[in-house]
Structures are given as structure tokens and as C-alpha cells.
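Here is a walk through one protein chain, from its overall make-up down to single residues. Have the model open next to you as you read.

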Amino acid sequence: MNPLRPVILAAADSPRLKRMITGTPITADIVRRFVAGEDRDELIPVVRELLASRRLISVDFLGENTTDRAQADATVAEYLSLINDLAALGGSADAAARTEVSVKLSALGQALPADGPAIATENLHILCTKAGQAGVWVTVDAEDHSTTDATLATIRQLRAEFPWLGAVLQAYLHRTVADCGELSGAGSRIRLCKGAYREPHTVAYQRSAEVTDSYLRCLETLMRGDGYPMVATHDPVLIRAAEQLAVETGRGPGQFEHQMLYGIRDAEQLRLAAGSTMRVYVPYGGQWYGYLTRRLAERPANLTFFLRALVSKS
């Protein structure tokens, strides 16, 4: 695991460092490698190009930990407009929707005082209703472990009406193998990722090898299950494992998909898209700081790119 990961994730919680980085004009140019713009006018040309390359998309309007009801309502309004724009880009690709939105429940009001979880559930219901009418998928993003129980409770509740609602599970959490078994029934969609938050050893594996082993166990559970696995990783070992399990379980391109982040391993994305279902996670919006720091913490190559660009532009 990247030895700088704890330091970088700690930086994500530093208001002083956030002000310094977000206030630097140099940073904006670098962020564009990982973030597809600050508004939908900048986003749409990016996703149109991705779709033209046979890749599918999952779009995240950046924002989390909302503690203001008006801000949560504004996020819902933005997602409703986004769903309209994505629906206009085209229909399904075989069994998989070409377009999807990814939503963090904390952006929909989960952390609001007293009735936050209920407000977030109501807001997610609004988005799922709109997306179902538009032919756009919805997946609920994972956040830090303290939100997992509430998030999965909301997903279970809404799956009764929207069985296609996707859930994100993080392999570095000790609990995730069991969650994969519980949530991956017929018709379900599970996005499996390694995990990107700073978590204590009591709930999450800390060593890279342990996280990889857990991912492989979770992946096998999903691929041998009845749902639709979404294999979110850039790790060549895990990509090969998914392809081998697909052969063993008889899953074709429309029965699982690969996922990668916008701006990372573009050539590999194109290779996978040529023979498999490949979806790109595309973030946009002005609240990019937390997202960027987690991307830098995940892979040393991302941090090297960022620092090199800062030096070259200084």
C-alpha cells in the first residue's frame, strides 16, 4: 500500500491545506485530468466522447457531508437535470444502461440533524423515480464506515421498488464478504471497489495484500452469485481474476462489467471496452478536493503526476 496514503488522507481533513490547494490557479489545470469540469456544460462533451469510444459512464456530481437542507435540495435538483441530459445521450447497450448516476447519501442530506437518513432516503427515491423513467441507472456510493449501516438500510428499502438500484461495497472493510453474499441476489447490482477512506484497523484491512485477498473473496462471491457484478478496479491482478471468473461462471459481456475512474489507465479502458462492458466513473462539480485527495492516496502514480505537474507549472 502507498506509504503516503495515511498522510494524504489526513490532508483531506485539513481545512488549511484545502484552502491552500484549492486557491492555487495551477491546481485547476491538473484537476481536469481527474474531474470532467465544474458544471454540466463542461461535463457533457466529455461523456459524449466516452460513449463514442464504446465506454459506458457513471456520473458523480461531487459533494458530500451536507449539513444544510437547502444544499441537499440543490443537489437533488442538479441530479434531476443531469438525468435529463444523460437520457438525451442515448439508450441501453445490451443489458446495461449506457448512462448511470452515482450518488452519495451524505450529499442528499443523510448527515442532517435528527431526520437526515429519512431525508436522504426520500431524496434518493425522487432520483430513482426520475431515472427509472429516463432509462438511466442509479448507484449509491459508499462512504466511510460510519455511514455503511444507514446507507445499506436505505438501499434495502428502495430496492423493493427499484430492484436495479446499485450498491457500492468496499473490499477493505472486514464486513464486506458477508455484505456481498447478502446484497447480491437475483437482479441486484453491486460495484466492488477496494476502498478509499481513512479507516481504523478495527474495521478495515490496512495492508495492500490483505485488501487484495479480501477483494478476491468478495469478487468470487459476486461472480458466482445471481446479481450483476461491477468490478471497479485498476489493478491488473484483479482485472485478470474477474475475466477468469467470468469464463468459469459463463458470464458474457452483458452479465458483468469493468469500471475505472476517469483519467486513469485510459488505454486499458479502451482495451477492455473492445471486448467487455467497460464503464467510466466520471466526477464533475466544484467540490473536488476530497475526491482528488482520495485518488492521490490510492496510487503513487497519481501523486507523482500531480507533483510533477505542480513543479512544471511553478
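Two residues are in contact when heavy atoms of theirs lie within 4.5 Å. With that in mind, take Glu-42, which sits in helix H4. Setting aside neighbours within four places in sequence, Glu-42 is in contact with Arg-32, Ala-36 and Gly-37. Glu-42 is partly exposed, because its relative accessibility is 32%. Along the chain, Glu-42 and Tyr-284 are 242 residues apart, yet their C-alpha atoms are 8.5 Å apart in space. Keep in mind throughout that this is a predicted model.

**The chain as a whole**

The protein chain has 13 helices and 10 strands. Of its 314 residues, 53% are buried. If you take the contacts with a separation of 6 or more, 74% of them come from residues 24 or more positions apart.

**Cores**

In soluble globular proteins, nonpolar side chains tend to be buried together. Here, the largest nonpolar core has 56 residues. Which residues have the most contacts inside that core? They are Leu-43, Val-59, Val-101, Leu-124, Leu-165, Leu-219 and Val-282. Helix H4, residues 40-52, gives the most to this core, with six residues. Another core, of 11 residues, lies apart from it, and Leu-62, Leu-261, Ile-264 and Tyr-289 are among its members.

Leu-219 is worth a look on its own. Not counting residues up to four places away in sequence, Leu-219 touches Leu-192, Val-231, Leu-238, Ala-241, Ala-242 and Leu-245.

**Two helix pairs**

Two packed helices are described by the angle between their axes and the distance between the axes. Start with helix H9 (residues 208-223) and helix H10 (residues 236-249), which pack at an angle of about 25° with their axes 10 Å apart. H9 and H10 are therefore roughly parallel to each other, since angles under 35 degrees count that way. H9 passes H10 in a right-handed crossing. On the H9 side, the contact is made by Thr-212, Tyr-215, Leu-216, Leu-219, Glu-220 and Met-223. H10 brings Leu-238, Ala-241, Ala-242, Leu-245, Ala-246 and Thr-249. Sorted by class, the contact of H9 with H10 has nine nonpolar, two polar and one charged residues.

Now for the other pair. H4 and helix H5 (residues 69-87) pack at an angle of about 35°, and their axes are 12 Å apart. The crossing of H4 and H5 is right-handed. Which residues of H4 and H5 meet? Arg-40, Leu-43 and Ile-44 in H4 meet Glu-78, Ser-81, Leu-82 and Asp-85 in H5. By class, this contact of H4 with H5 has three nonpolar, one polar and three charged residues. Leu-43, as noted, is also one of the residues with the most contacts inside the largest nonpolar core.

| Residue | Relative accessibility | Class |
|---|---|---|
| Ser-58 | 1% | buried |
| Arg-265 | 27% | partly exposed |
| Glu-42 | 32% | partly exposed |
| Arg-54 | 57% | exposed |
| Gln-133 | 64% | exposed |

Ser-58 is found in strand S1, residues 56-61. Ser-58 counts as buried because its relative accessibility is 1%, and the cut-off for buried is under 20%. What does Ser-58 touch, not counting residues up to four places away in sequence? The list is Glu-100, Val-101, Ser-102, Arg-191, Arg-279, Val-280, Tyr-281 and Val-282. Val-101 and Val-282 in that list also have a place among the residues with the most contacts inside the largest nonpolar core.

Gln-133 is in helix H6, residues 116-134. At 64% relative accessibility, Gln-133 counts as exposed. Gln-133 and Ile-83 are 50 residues apart along the chain, and their C-alpha atoms are separated by 9.9 Å.

**Two arginines with positive phi**

Most residues other than glycine have a negative phi. Arg-54 has a positive value, with phi near 75°. Arg-54 is in the loop between H4 and S1, and is exposed, with a relative accessible area of 57%. Arg-265 is not a glycine either, and its phi is positive, at about 55°. Where is Arg-265 found? It is in the loop between strand S9 (257-261) and helix H11 (266-275). Arg-265 is partly exposed, with a relative accessible area of 27%.

Notes: Residues numbered from 1 in each chain as written. Predicted model: local features only at pLDDT ≥ 70, side-chain atom pairs only at ≥ 80, totals over all residues. Heavy atoms only, no water. Helix = DSSP H or I, 4+ residues; strand = E, 2+ residues; numbered from the N terminus. Buried < 20%, exposed > 50% of the residue type's maximum accessible area, 1.4 Å probe, protein only. Axes fitted to C-alpha atoms, helices over the stretch in contact; angles between N-to-C directions. Parallel < 35°, antiparallel > 145°, perpendicular 65-115°, else oblique. Left-handed = near helix turned anticlockwise from the far one by under 90°. Nonpolar A, V, L, I, M, F, W, Y, C, P; charged D, E, K, R; others polar. Core = buried A, V, L, I, M, F, W, Y, C linked by side-chain atoms within 4.5 Å.
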